[in-house]
Amino acid sequence: MDISTILGLLLGVIFLIWGILESGTLGAYYDFASIVIVLGGTFASTLVSVPMKDFLKVVKVIRKAFVYKEVHLDEVIEEIINLANIARKEGLLALEEYAEELQDDFLHKGIMLIVDGTDPELVRNILETELTFLEERHSDGQGIFESMAAYAPAFGMIGTLIGLINMLRTIDDTSSIGPNMSVALVTTFYGSVLANVVFQPLAQKLKSRSKSEILVKELMLEGLLSIQAGENPRIIEEKLKTFVPPEARRNYRESLREREYNE
């Protein structure tokens, strides 16, 4: 469970409610027609802009923003070094048995390509193509929420225009101008809140998730190609540590020394 996503959304709602209660009441910000216009219009336009099969995956995409198992780069490096040691001692064919126990499909696929004696350049092309399509699938999910973030304020403005038109029809009744203007502006409020508190932050969270996953896969790719080239495990380790930010490398060295001490 990703605490930051849940905490961010909760804090956004809490601060909005707090701000409203400081100078008004929550009841003044409720209008069912405005909710229908903004939410209904946003979902309708998003459905028009993306294929049905992608739109139906929105629940699955939302789940990725809230539920995410983080993969630590130091653990991936350790696994690659373990593979390198096996290949160095027992040969590349010995990796096949080890690969059956792996849960990562990308790493498993790369190992099997190496075991089958595939040309290194072809291995790189195949796995890079896999990464390209993975990134495209991720961008489809991000695109849904980016579209919603764009449409929500627009429908908020449309709702405001509808409210103003209705207000002008009864402008002779001066007592109705204030309440009608308030309802008209509430629709814009809904659109802005949904775009900036929900949709756009979720799109950015998914983009961050995608970058992290792609980085892990690229590390795996470089590690597998180094193993296939027969490079020394220590050289492979130093090469892969370049994927890790400088401050995290210190933590990596400390955790490595701790594991060696425990062993």
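User: How many helices and strands does the protein have?

Analyst: Eleven helices and zero strands. Keep in mind that this is a predicted model. Along the sequence the pattern reads α-α-α-α-α-α-α-α-α-α-α.

User: And the overall shape: what does the radius of gyration say about how spread out the protein is?

Analyst: The radius of gyration comes out at 26 Å, while the globule rule gives 18 Å for 263 residues, so the protein is more spread out than a compact globule. The C-alpha trace spans about 90 × 40 × 25 Å along the principal axes.

User: What share of the residues is buried?

Analyst: Buried residues account for 36% of the 263.

User: OK, switching to the surface. Which residues form a nonpolar patch?

Analyst: That patch is made of Ile3, Leu7, Leu10, Leu11, Ile14, Phe15 and Trp18. Together they have about 730 Å² of accessible area.

User: Take Ile14 from that list. Where is it found?

Analyst: Ile14 lies in helix α1, which covers residues 3–23.

User: And why does Ile14 count as partly exposed?

Analyst: Because its relative accessibility is 48%, and partly exposed covers the range between the under 20% of buried and the over 50% of exposed.

User: Which helix is Arg137 in?

Analyst: Arg137 sits in helix α8, residues 120–169.

Note on methods
Residues numbered from 1 in each chain as written. Predicted model: local features only at pLDDT ≥ 70, side-chain atom pairs only at ≥ 80, totals over all residues. Heavy atoms only, no water. Helix = DSSP H or I, 4+ residues; strand = E, 2+ residues; numbered from the N terminus. Rg over C-alpha atoms; globule rule 2.2 N^0.38 Å. Buried < 20%, exposed > 50% of the residue type's maximum accessible area, 1.4 Å probe, protein only. Patch = residues over 30% accessible without salt bridge, like charges linked within 9 Å, V, L, I, M, F, W, Y side chains within 5 Å. Areas by Shrake-Rupley, 256 points an atom, 1.4 Å probe, with all protein chains shown as cover. Salt bridge = Lys/Arg side-chain N within 4 Å of Asp/Glu carboxyl O.
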